[in-house]
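Please look over the sequence and the fold before starting, and keep both in view while working through the exercises.

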Amino acid sequence: MGVTGPIRVVVAKPGLDGHDRGAKVIARALRDAGMEVIYTGLHQTPEQIVDTAIQEDADAIGLSILSGAHNTLFAKVIELLKEREAEDIKVFGGGIIPEADIAPLKEQGVAEIFTPGATTASIVDWVNANVRATAEA
C-alpha cells in the first residue's frame, strides 16, 4: 500500500546541546516543501524522540547534534526503534559530525548524515527521494 498524504518528519535536538537554529531552519525547509514537521524542541532524550515519532506516525526522524555525542545518541535512537518494532522510521541527521564517524553511523542504520554546508534543498531532495521511496515500496 502506498503512502497517502505528506511525509511526516520528527526533527529533534537530543542531549544537552542548546543550539537549535540549524534544526529550526531544516524544520522550516521541510515544512515549506510540503512535509508535516513535528519539532520536539531542545534537550530531548532518545526515548522521548522515539515515543514522539511513533505517536505521530512519522516516516522519518531528523536529529541535529552539535554536542559531540552523535555516536551515542544516534545508536540509542536506532536501538529504541528496533525494540519498538518501528525500524521503518528512517533516521537521518546532521550537525558537527567528523567525516570518520559517518561510515560507522551508516553501518548502525543511520540513513544519511548532512554536515555543515549542506543546503536545505539537498536535504529536502534527499528526504523526498529516500523516505517516500522506502515508504511506498
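Two exercises with worked solutions follow.

The model is predicted, so local features need pLDDT of at least 70 and side-chain atom pairs count only at pLDDT 80 or more, while totals for chains, interfaces and linings use all residues. Residues are numbered from 1 along each chain as its sequence is written, and side-chain values use heavy atoms, with hydrogens and water left out.

**Exercise 1.** Determine how strand 3 is covered and which strands pair with strand 3.

*Solution.* Begin with the element itself: strands (E, at least two residues) and helices (H or I, at least four) are DSSP runs, numbered from the N terminus. Then turn to pairing, which requires at least two DSSP bridges between two strands. Strand 3 pairs in the parallel sense with strand 1 (residues 8–12) over 4 bridges, and 6 bridges join strand 3 to strand 4 (residues 90–95), again running parallel.

**Exercise 2.** Find what valine 91 is in contact with, leaving aside its neighbours within four places in sequence.

*Solution.* Contact means heavy atoms within 4.5 Å. With those neighbours set aside, the partners of valine 91 include Ile61 and Leu63, then Phe74, Val77, Ile78 and Leu81, and finally Gly109, Val110, Ala111 and Glu112.

Methods. Buried < 20%, exposed > 50% of the residue type's maximum accessible area, 1.4 Å probe, protein only.
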